[in-house]
Amino acid sequence: MSDQLSYPDLVLDPSIRDWVLIPIFVIMFLMGILRNNVTKMMRSSEKTKRDTVQQNNLLMRARRLRANAGWVPAAAFAARKHHFCDKEKGLLMQKQDAPNPMAAMSDPNMMSKMMQGNMAMMVPQMLMMVIIPHFFSGFVLGKIPFPLTPSFKGMLQRGVNLSTLDTAYITSMSWYILAMFGMRGLYSIVLGAGSTTDDSALMQQQMGMAAGGGQPGQQPDYNKLYATEAENLQITEHKFHLSAAEEKLLRGGKADGVTARGKAKRA
Amino acid sequence: MSALAEAEAACAPYGNEPSRCGFELSRSLLLAVRESRAHRPDLVLKFGQYLLRSHAGRLGAEVWAMYEQVYIALLHYGRRPRAAGSGAEEPSEEMRLASEYYSLLAARFPDSMRVKRLEGMMWEAKGEYDMAMADYDEILEEEPNNLAALKRQVALLRARGKPAEAAKRLAAHLEVVGSDADGWLQLCDLYLSQAQYQRAKFCMEELLLLNPMAYIHHLRYAEILLTLGGIDKGGNADLVRTARKYFAHSLDLKPRGNLRALYGLLLCCAAAPKGQKTAAEVEELGACAQKKLLEEYGEAKATSMLDTVKAMSTALLS
């Protein structure tokens, strides 16, 4: 009871809604769109390296040979197997340049590209971090409909340090952060899927990098891939699918059945 | 029904007259042509010129794609063989308009490789093959992976009667991009035109590996095998037997209307060595092919052909 008395409902001025809640939302939204367009403009068309294309295609071709081996005669398969897996000259046996993890770092092109991408993300973020507290700090904007423990104060009541304020009240700074991370769905509707404003994806990417889970854009080790593929190809047995093609055509083959039935119907 | 066929059907009630079809219909028709990559310079020229003349403003950003599309159609109509164009006569109306469009595109996209390729095609249409070749070379130097330029070069080399050079370039490209089915098909065709059957056979095998469900690949492969194992090459019973299997399988994949495979099967049976223990099987297969062949002609009501085919197939099998 005494709790209830000590925290009477706050009456919020409607102009707080009109001049703080809605403007923050609108500013965030427009900033997101602007950022999206800037990133789009800065993104240079990436040229795929010829080597990478060749390596990937070679792997694909080997895989294809393995999957569809039965459709070519045994000699053709053997020739290709030799072509891929020969100890000395086999395409899959050639030594590939081992990817150097530092190569991406030392490549100035790569560096500046990464910088550009990060700048497009960071500059608006920093700008907003200055603007929003400057203009909109110190407001209580609303109340969430359920009680919370005081430990949420830091999260929900940023910018207003009142120890007596109920934790359920949200301040403008918290609203800003909420809007920043909560607008992903809206962006994907307005800007179309795959827009670059996805903060959470960026965060995830950075987390992944820190954990050493493979850098984005780092090339895989083709030596290993080739060796695996060569091994798979070696153990592939050739089973000619067409060895019974004529029997199938002559006896009980689909082709024969259809014609015979068609004939019977017409007769 | 494809999008192109639908769009054409929509235009038919207006007598295929662009001005009566209006903006929306014309635009969707050309879009369908572009997306299906159909070769319809007649449609493109008629509807595209109407759109560019009367509605260029309404097209928005699409106008550039339209210029490109109409430009290529214009080149198709404006081109002339080299011998005729000795430089003295006036350029045709189409070529004049095409160069106008080209300058528009070049002004809008000065560094574009795509526009550069269009310039190359202009040289081709004018019969200046060396200039075209130089253009494509420049593109490839800038972007080694520019497939369009590479394929134009191959086509150009072929047209100039240099199949060896064309095949060399195409093979180098396929070494990098092994999944390009059109490339393999083209290379196979190149080798066939030079009677290099072993190499054509290799290309066809690649196509079989790429898409083992296509009856036409099986059929073509069988034909190459049959040619290789034919009498004039000394005769190779193994190859003929393998060819027979591929013909049979092609028939299995496409049982109706596959006359090419039926004839192939007949030829295989005729080429099989006589007097062996497999003779009965060959005979049965031949009879089956003959029966099916006659059925096909009977169903097509081609009675005049029926006797000829019957006599011919009997003569082959006997």
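In which helix of chain A does A:Val190 lie? A:Val190 lies in α9. Helices here are DSSP runs (H or I, at least four residues), numbered from the N terminus.

This is a predicted model, with local features needing pLDDT of at least 70 and side-chain atom pairs pLDDT 80 or more, while totals for linings use all residues. Residues are numbered from 1 along each chain, chains are lettered from A, and side-chain values use heavy atoms.

α2(A) gives four residues, the largest share.

| Feature | Size |
|---|---|
| Second largest pocket | about 1,400 Å³ |

A pocket is an open set of 1 Å grid points where a 1.4 Å probe fits, with protein on both sides within 12 Å along at least five of seven lines; lining residues have an atom within 4 Å of a point. Volume is the space filled by probe spheres on the points. Closest to the centre of the second largest pocket are B:His39, B:Ile72, B:Arg117, B:Met121 and B:Arg152. α8(B) supplies eight lining residues, the largest share.

How values were computed: Helix = DSSP H or I, 4+ residues; strand = E, 2+ residues; numbered from the N terminus.
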